[in-house]
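Reader: Please take a close look at one part of this model for me. I would like to follow the charged side chains and how they pair.

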Amino acid sequence: MTASDPTPLAAWRYTGTPRTYQAQVLERIPAGSGPALHIVAPPGAGKPLLGLLLAMREGRRTLVLAPSTTIREQWARTARSLAPDPADVSEHPQQIADLTALTYHALSVTGDGSPFEALALARWRFK
């Protein structure tokens, strides 16, 4: 996909069958339902796949924020299995892709040259 493509995730494909509860969530959440969505599910419920199926339906570039590198890697691995090109997925803040998976700390660490450093510094300043 090119950087000018407004809906790069729309070209991603899933050929499997979602679990029953994943399909129910997909049915109950209308496309374009808003900018924020919070789904709570237990470990092993398939949150990366569900989240990616929702992102694919919307089509837009997506940022995934994960609490740990293990969870970040799960999202990235699942995303690469759906993307037409593995390069469409990044786990590095310096290499923003159609889907970028980062840990939470990428938004709060300073001094590492992160593209989010100015945001982090603004949030860490006390007034």
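**Salt bridges and the core**

In this predicted model, E91 and R72 join their side chains in a salt bridge, with N and O 2.9 Å apart. The two sit in separate parts of the chain. E91 is in the loop between strand 2 and strand 3, while R72 belongs to helix 3 (residues 69–82), so the bridge ties together parts 19 residues apart in sequence. Both E91 and R72 are buried.

How accessible are the two ends? E91 has 15% relative accessibility, and it counts as buried because the limit is under 20%. R80 stands at 31%, so it counts as partly exposed, the class between 20% and 50%.

These contacts belong to a wider set. R72, E73, R80 and E91 are linked in a network of salt bridges. In general, side chains of opposite charge can pair when their charged atoms come close.

The side chains of D98 and R61 meet at 3.8 Å, N to O. That distance counts as a salt bridge because the cut-off is within 4 Å. D98 is in the loop between strand 2 (89–90) and strand 3 (99–103). R61 is in the loop between helix 2 (47–58) and strand 1 (62–66). The two are 37 residues apart, and their pairing links distant parts of the chain. The ends fall into separate classes. D98, at 7% relative accessibility, counts as buried. R61, with a relative accessible area of 46%, is partly exposed. In total, the model has five salt bridges.

Now the nonpolar side. The largest nonpolar core holds 20 residues. W12, L52, A79, L82, V89 and L99 touch the most other members. Helix 2, helix 3 and strand 3 each supply at least two residues of this core. Helix 2 gives the most, with seven residues.

A79 shows how these members meet. Leaving aside residues up to four places away in sequence, A79 touches W12, L52, V89 and L99.

Conventions: Residues numbered from 1 in each chain as written. Predicted model: local features only at pLDDT ≥ 70, side-chain atom pairs only at ≥ 80, totals over all residues. Heavy atoms only, no water. Helix = DSSP H or I, 4+ residues; strand = E, 2+ residues; numbered from the N terminus. Buried < 20%, exposed > 50% of the residue type's maximum accessible area, 1.4 Å probe, protein only. Core = buried A, V, L, I, M, F, W, Y, C linked by side-chain atoms within 4.5 Å. Contact = heavy atoms within 4.5 Å.
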